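Hello,

Here is the structure we spoke of handing over. Notes on what was found follow below.

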Amino acid sequence: MRIPAPRLFLAPAALGAFLLSGWASVFFSVDTELVQYAAIAATIVLGAFSLSYSGLNRFAFLLPIIATLIVFAQISFLDTRQPHPPKELKFYLILVFCAYCACFVLRGAAAEHFVRIYVALCFALSLAALGFNRTADTGAQRLMQGDGNPIWIARAAGTAIMYFAYRLLIEPRHRGLRLLALLPCVAALILAGSRGPILSLLLGLGALLLMTNRGALLLSRKVWAAGLLVVLLAIAAVVLAPQGIQDRLASLFVSNYSGSDVLRMNLYEVSFGMLRETLFGHGFGAFEASGALQPYPHNLLIEALIEPGLIFSVFFFALIGYAIRRLYLSAKRDQGRELVPTFLCALAIYSLANAMFSGDITSPKELYLCLFFALSTALVVRRAPQSVPTPSPPPRHPIPT
């Protein structure tokens, strides 16, 4: 039985809140993990009702609820004995949850609902960051630095920019409105002062051009005019930005050995030292226990090699590469006209590239969601309905006269 589309709004909305759970520490004094666990519970309970897509028994919706209760019981048990759950438990919980969402939440029309709801949340987060910029710190003056990590703002703004750019490429209507909506996202991305999302966005936009076969569109005067307007806004945002953000953006072209660069050099120095000792993993949390200036090396590949180990890393990145390739081929098959595979492929590339600059192994949640979505579509064999042959009419014989 196929569930009507309006009932599928709530589960994708809770899933989008989970992916953007970092906003809790940016705008409110709320624990990020608390928001994550609440969004996980809400998504599983709401997504359980979509299990009828898979043809399972209606009582099967009790299984994810029971599994969720067991996981939360384990987390609460560990919270009483240490300050926070171990990283491996959080990482496995995110992987299992993303696999569940790919199989039972993002089904049919729910995938398109998720993309639109998630982009709407990213766009709202970018506008809110610009509106509440008065709480930025007195140093670099990055968006919301005083209350949380501005990288959440930059990642959300970059995601919204990719979506609006995709719509500009494939739909000639309402280009003015989409360009108008794109401008505050560009300002939020620049004022967040995060270099990783900016570089990752260039890769995501390049992937969109390849998948939609719209390279020739770059010769259009309207596209050049729209691009010029965006560039002028970016220049204005850089000029009006505080000196700290200007220095960070200038380091994209010329290294100025800022505090952030020195910090990353220290992290990579510690990382290479640990890689020389063994390539088979020190265990989750080993980098934090090494005494480095940060609890993780700000690079997904390096962290995977150090903590889970070489065997895990080879298998893990092979799956990621296979998933991105499958999404890319699926998008190219329809010349980028299908929203879900095209946008999720660009989002996976964007998230993977950004994971090479910031965050730990539990941060690129949208990458893991795209990974399991691609795997779930690869494992499901869809059989074409077999047409029943219609019996041919008996031959007509002439009536003898």
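How many cavities of 30 Å³ or more does the count come to? The count comes to 2. A cavity here is a set of points, on a 1 Å grid over the protein atoms alone, where a 1.4 Å probe fits but cannot get out; lining residues have an atom within 4 Å of a point. Volume is the space filled by probe spheres set on the points, which are joined across faces, edges and corners.

This is a predicted model: local features need pLDDT of at least 70 and side-chain atom pairs pLDDT 80 or more, while totals for chains, interfaces and linings use all residues. Residues are numbered from 1 along each chain as its sequence is written, and side-chain values use heavy atoms, without hydrogens or water.

The largest cavity has a volume of about 40 Å³. Its lining includes Leu19, Tyr118, Arg155 and Glu366, and helix α7 (residues 151–170) gives the most, with 4 residues. Helices are DSSP runs (H or I, at least four residues), numbered from the N terminus.

The second largest cavity, at about 30 Å³, has Arg155 and Glu366 among its lining residues, along with Ser351 and Asn354. Helix α16 (residues 339–355) gives the most there, with 3 residues.

The 23 residues of α6 (residues 109–131) should span 33 Å at 1.5 Å a residue, and the end C-alpha atoms are 33 Å apart, which agrees. The expected span is 1.5 Å times one less than the number of residues.

Regards

Methods
Helices (H or I, at least four residues) and strands (E, at least two) are DSSP runs, numbered from the N terminus. On a 1 Å grid over the protein atoms alone, a cavity is a set of points where a 1.4 Å probe fits but cannot get out, and a pocket is an open set with protein on both sides within 12 Å along at least five of seven lines; lining residues have an atom within 4 Å of a point.
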